[in-house]
Amino acid sequence: MVMIKKSEIENIRAELLKNVGVKIQQVREEKGLSQSKLIAKMIGEFNVTNLSRIENGHNNPTIFTLFRIAQALEISLPQLLEYEISKN
């Protein structure tokens, strides 16, 4: 079993959250959607503050929230989560 330091885990977590947020914002902007317009397309209730926090990497969304965002962006969940972890 590989032991990973707690600080490394936190760095990986922060990078994952930031990458997902950047991807959401990038796709949203490519599609010409404001945060409010994206939220209007989502299943169920959501608010701009939560979306903003996700896009900025400050919120850890559930898999269901990511699914709802992907559907509203008209992309698949795997497309939304596609990225590579940097190796330092």
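This is a short tour of helix H4 and the residues around it.

The model is predicted, so local features need pLDDT of at least 70 and side-chain atom pairs count only at pLDDT 80 or more, while totals for chains, interfaces and linings use all residues. Residues are numbered from 1 along each chain as its sequence is written, and side-chain values use heavy atoms, without hydrogens or water.

Select residues 63-73, which make up helix H4 (helices are DSSP runs of H or I, at least four residues, numbered from the N terminus).

Go to isoleucine 63, which belongs to helix H4. Isoleucine 63 is exposed at 56% relative accessible area (exposed is over 50%, buried under 20%, partly exposed in between, with a 1.4 Å probe and protein chains only).

Threonine 65 is buried, at 10%. Beyond its neighbours within four places in sequence, threonine 65 is in contact with Met42, Phe46 and Ile54 (contact is heavy atoms within 4.5 Å).

Now show phenylalanine 64 and phenylalanine 67, three residues apart in helix H4 and so separated by about one helical turn. Phenylalanine 64 is partly exposed at 48%, and phenylalanine 67 is partly exposed at 34%.

How many aromatic pairs does the structure hold? It holds one. The ring centres of phenylalanine 64 and phenylalanine 67 are 6.3 Å apart and the planes lie at 20°, so the pair is stacked (rings of Phe, Tyr and Trp, the last by its six-membered ring, pair with centres within 6.5 Å; planes under 30 degrees apart are stacked, over 60 edge-to-face, the rest tilted).

Definitions and conventions. Helices (H or I, at least four residues) and strands (E, at least two) are DSSP runs, numbered from the N terminus.
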